[in-house]
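Dear colleague,

Please find below the structure that I am handing over to you.

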Amino acid sequence: MSNAIFYHAGCPVCVAAEQQFAQALDPARYALEVVHLGQDSSRIAEAESLGVQSVPALVIDGQAFHINFGAPLSALR
């Protein structure tokens, strides 16, 4: 099973992306964790270390995929 982390900040763009992309993942293939960086800013450094530059973003097995543009991580600090 592959790991997937969906990082977002709760904005409308992020919520729409979560509904479309994160929920489309096959739960038999991906262990999905959803991280709201607006509520858990302690995980911003983790997201950055995985290559996330803006949210919403989906990280699958360590590879960051940026979806649309909601906010840069710097705005969440």
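What does the accessible surface of the protein chain come to, and what percentage of it belongs to carbon and sulfur atoms? The accessible surface is about 4,300 Å², and 50% of it belongs to carbon and sulfur atoms. Accessible areas here come from the Shrake-Rupley method with a 1.4 Å probe, and for residues only the protein chains shown count as cover.

Please note that this is a predicted model, in which local features need pLDDT of at least 70 and side-chain atom pairs count only at pLDDT 80 or more, while totals for chains, interfaces and linings use all residues. Residues are numbered from 1 along each chain as its sequence is written, and side-chain values use heavy atoms, with hydrogens and water left out.

Overall architecture

The protein chain holds 2 helices and 4 strands, and from the N terminus on its elements run β-α-β-α-β-β. Its radius of gyration is 11 Å, close to the 11 Å that the globule rule gives for 77 residues, so the chain is as compact as a globular protein of that length. The radius is taken over C-alpha atoms, and the globule rule is 2.2 Å times the number of residues to the power 0.38. Along the principal axes, the C-alpha trace spans about 35 × 25 × 20 Å. Helices (H or I, at least four residues) and strands (E, at least two) are DSSP runs, numbered from the N terminus.

Of the 77 residues, 40% count as buried; buried means under 20% relative accessible area, exposed over 50%, and partly exposed in between (1.4 Å probe, protein chains only). Among contacts with a separation of 6 or more, 63% are made by residues 24 or more positions apart. A contact means heavy atoms within 4.5 Å.

The sheet

The 4 strands form an open sheet with mixed pairing, in the order E2-E1-E3-E4. Its edge strands are E2 and E4 (63-72), each of which pairs on one side only. Neighbouring strands of this sheet are turned by 10° against each other on average, direction ignored. Two strands count as paired if DSSP finds at least two bridges between them.

Strand E1 (residues 2-8) is mostly covered, with 6 of its 7 residues buried. E1 pairs with E2 (residues 30-36) in the parallel sense over 7 bridges. Within this pairing, Ser-2 stands opposite Tyr-30, and Asn-3 has Ala-31 as its bridge partner. E1 is also joined to E3 (residues 54-60) by 4 bridges, and these two strands run antiparallel. Here Tyr-7 has Ala-57 as its bridge partner. Ala-57 also stands opposite His-66 in E4, where 6 bridges join the antiparallel strands E3 and E4.

How does the chain pass from E1 to E2, and what is the handedness of that crossover? The path leads through helix H1 (residues 12-20), and this β-α-β crossover is right-handed. The term applies if, with the strands pointing away from the viewer, the path from the first strand over the helix to the second runs clockwise. H1 lies across E1, E2, E3 and E4, and runs at about 155° to E1. Axes are lines fitted to C-alpha atoms, for helices over the stretch in contact, and angles run from 0 to 180 degrees between N-to-C directions.

Most residues other than glycine have a negative phi, and most peptide bonds are trans.

The peptide bond joining Val-55 and Pro-56 is cis, with omega about 5°. Pro-56 is placed in strand E3 and is buried, with a relative accessible area of 0%. Leaving aside neighbours within four places in sequence, Pro-56 is in contact with Phe-6, Tyr-7, Val-13, Cys-14, Ala-17, His-66, Ile-67 and Gly-70.

Asp-61 is not a glycine but has a positive phi of about 50°. Asp-61 lies in the turn of the hairpin formed by E3 and E4, which have 2 residues between them, and is exposed, with a relative accessible area of 52%.

Asn-68 likewise is not a glycine and has a positive phi, of about 55°. Asn-68 sits in strand E4 and is exposed, at a relative accessible area of 60%.

With kind regards
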